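Hi everyone, thanks for making time.

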Amino acid sequence: MFVEGVSLSDENVELILRDLIDLYGYDFTNYSRASIKRRILRLMSNDRFLSFAEFRYRLKNDPEYFKRFVEQITVNVTEMFRDVQFYKTLREVVLPVLATKPIIRIWHAGCSTGEEVYSMAILLAETNLLDKSLLYATDINPAVLEKVRAGIFPLAQMKQYSENYIASGGKKDFSSYYTAQYNAAKFDETLGKKIVLATHNLVSDGSFNEFQLILCRNVMIYFDKPLQDRALRLFYESLEMLGYLALGSKETLKFTDISAMFRQVENREKIWKKVM
Amino acid sequence: MAARFDLLVIGGSAGSLSVVMKIIPLLKPSLNLATVIVFHRKQSDDSALIEVLAGRTDCRVKEADDKDDLLPAHIYVAPADYHVLIEKNKTITLDFSEKINYSRPSIDLSFDSAAEVYGPRLACLLLSGANADGVDGLLSAKRQGAFIMVQNPSTAEVPYMPQQAVEKVSCDLLIDPDNLKEFLAAILE
C-alpha cells in the first residue's frame with residue numbers, strides 16, 4: 001500500500017484483529033480485508049507510528065487508544081438526502097403507508113454522524129408524522145452518537161444538502177431547519193427530540209425492537225458475505241410484517257438468504273418490503 | 001491467445017473516454033483478461049456509459065457491484081462515488097470512505113489494491129486527466145511488480161495526469177491512442 005513510511009503485512013492485520021477480540025471483545029474479522037487494512041495503515045500514518053510493533057503495543061495497552069481506533073477504522077462518511085430518488089421514494093411510497101400506523105418505529109443501523117437520521121426527521125415533520133415516530137439511531141462507534149445528539153453539521157455542506165433536498169421533492173426553504181453558527185449548522189431541536197441513540201454492533205448484538213422501517217445504507221459493503229447474511233437475518237427478524245428495509249445504492253438483497261421473503265418497491269429503488 | 005496478465009486496471013479522468021473507446025475493442029474475450037475501469041465522473045450517467053462501452057467490445061461490460069468475482073472477459077466499471085478495492089480472493093469491494101485527492105472513485109486505491117493481489121499479473125494504464133490521481137497508485141503497483149502503461153501526454157486531451165505519472169514513475173510503455181499496436185503487443189507478449 002502506498003501510505004508513506006509505514007508498512008503492514010496481511011499477517012500484521014490478522015494479529016491486530018485477534019488482539020481486538022481477546023482484549024476488547026470487538027470482532028472485525030468479518031470486515032472486508034482490503035478496506036480495513038487500508039484504514040489501519042491510514043491510522044498508523046496519521047498517528048505517526050514508526051513501526052507495527054509500536055502500534056500494536058499501544059493498541060493492546062491503552063484502552064483510550066482503542067477508542068480512537070474504533071472511531072478511525074469505521075467509515076463515517078455520510079450526507080443529507082444523498083440519492084435524491086431514494087428519498088423521493090421514501091416520501092411518496094413508504095411514508096404514506098407508515099402514516100396509517102398508530103406509532104412509527106424506524107431504525108437507522110450504522111447511523112454514523114446522523115445526517116440520514118435528520119433527513120428522515122425532516123421528511124416525517126413535513127408529513128406531520130414526526131410526533132408519532134421514534135427514530136432509533138445506532139452505531140458501533142460511540143463517538144459518532146454524540147454528534148447525532150448535537151445535530152450540528154458543517155455549514156459548508158448546506159448548499160449541497162439544500163440542492164439534494166429540493167431535488168428529492170422538498171418544498172420548504174431548507175435553511176429554515178437550522179441556525180448557522182460560525183462554520184456550523186445547528187438543526188432545529190424539534191427534529192432531534194424523537195431520536196433515540198444507542199451503541200449497537202451488527203457483528204454481535206441482537207434485535208432490540210420491532211420496526212416498520214430499517215435503514216442500513218453503505219454499511220454492509222464493509223462486511224464479508226457471512227456477516228452480511230447475519231445482519232440481514234437480524235433485520236428480517238426486527239421488521240414487522242410488511243415493514244420496509246432500505247439499503248445503499250450499490251447494495252442488494254439479490255442472491256442473499258432472505259431475498260425470497262422480500263419484494264422490492266416498484267421503481268427499483270433499494271427498498272424492500274417484508275412479505276413473508 | 002491469452003494475455004500475460006490476469007487483470008488490467010485503467011484509470012482515466014477528463015478526456016479519457018475517447019481513448020477507452022479505442023482500447024476496449026482490442027480486449028477480445030480470448031485474452032482471458034479481466035478489466036477494471038476507474039473513471040472520474042458525475043453520478044447521473046451510469047447506465048448510458050455502460051451501454052456505450054458494451055457496444056464496443058465482445059467482453060461483458062457491467063458496473064462493478066460489491067462482492068463481484070473478477071472474471072476473465074469481463075469489464076467492470078467503477079460506480080460513480082464509490083472506491084473500488086480488490087480483495088485477496090479476487091473479488092471487488094466497494095468502499096464509500098473519504099475522497100482521496102478530491103476523488104471518489106480513487107484511481108490510486110484501485111491500482112494499489114489490485115497490485116497487492118495480482119503483483120506481476122497486473123497491468124495498469126493511466127490516461128488523460130486534470131488532477132494528480134493515479135500517480136501514487138502507479139508507484140505502489142510498480143514496486144509490486146505490475147506492468148505500468150501511461151498515455152503519452154502529448155496525445156492526451158488533458159495532459160496533466162499522465163504528465164505527472166511520466167515524471168514520477170518509471171513507466172514500461174507510453175501509449176498513443178492512434179497507434180495501439182504496441183499496447184496490444186505488450187499485453188500479449
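So, which residues lie nearest the centre of the second largest pocket? Before I answer, keep in mind that what you're looking at is a predicted model. Okay: the residues nearest the centre are Lys250(A), Glu251(A), Thr252(A), Lys270(A) and Asp65(B), out of 34 residues that line this pocket. As for elements, helix 10 (225-238) and strand 9 (262-264) of chain A each give two or more residues to that lining, and so do helix 2 (46-54) and strand 3 (60-63) of chain B. The space inside the second largest pocket comes to about 980 Å³. If you sort its lining by class, you get 15 charged residues, 11 nonpolar and eight polar.

Now over to the largest pocket. This one holds about 1,500 Å³ of space. It has 45 lining residues, and the closest to the centre are Glu79(A) and Arg82(A) from chain A, along with Asp81(B), Lys99(B) and Arg104(B) from chain B. Sorted by class, the lining of the largest pocket has 18 charged, 14 polar and 13 nonpolar residues.

Where does the largest pocket sit in chain A? It lies between domain 1 (10-73) and domain 2 (84-274), because both of them give residues to its lining. Several elements of chain A supply at least two lining residues each, among them helix 2 (33-46), helix 4 (63-73), helix 5 (84-98) and helix 8 (158-167).

Next, how the two chains meet. On the chain B side, 29 residues are in contact with 26 residues of chain A. Together the chains bury about 2,200 Å², and carbon and sulfur atoms give 49% of that.

One last stop, inside chain B: His40(B). You'll find His40(B) in the loop between strand 2 (34-39) and helix 2 of that chain. Its side chain makes a polar contact of 3.5 Å with the side chain of Ser103(B). The His40(B) side chain also reaches the backbone oxygen of Pro105(B), again at 3.5 Å. Beyond its neighbours within four places in sequence, His40(B) is in contact with residues including Gly12(B), Ser13(B), Ile107(B), Asn131(B) and Asp133(B).

That's my tour, so over to you for questions.

Key: Residues are numbered from 1 along each chain as its sequence is written. Chains are lettered from A and ligands numbered from 1 in the order in which they are written. This is a predicted model: local features need pLDDT of at least 70, side-chain atom pairs count only at pLDDT 80 or more; totals for chains, interfaces and linings use all residues. Side-chain values use heavy atoms; hydrogens and water are left out. On a 1 Å grid over the protein atoms alone, a cavity is a set of points where a 1.4 Å probe fits but cannot get out, and a pocket is an open set with protein on both sides within 12 Å along at least five of seven lines; lining residues have an atom within 4 Å of a point. Grid points are joined across faces, edges and corners, and a volume is the space filled by probe spheres set on the points. Helices (H or I, at least four residues) and strands (E, at least two) are DSSP runs, numbered from the N terminus. Ala, Val, Leu, Ile, Met, Phe, Trp, Tyr, Cys and Pro count as nonpolar, Asp, Glu, Lys and Arg as charged, and the others, Gly among them, as polar. Domain bounds come from an automatic or database domain assignment. A polar contact is a pair of N or O atoms within 3.5 Å; within protein, one must be able to donate a hydrogen and the other to accept it, and residues adjacent in sequence count only if both atoms are side-chain atoms. Contact means heavy atoms within 4.5 Å. Buried area is the accessible area (1.4 Å probe) that two parts lose on being put together, summed over both.
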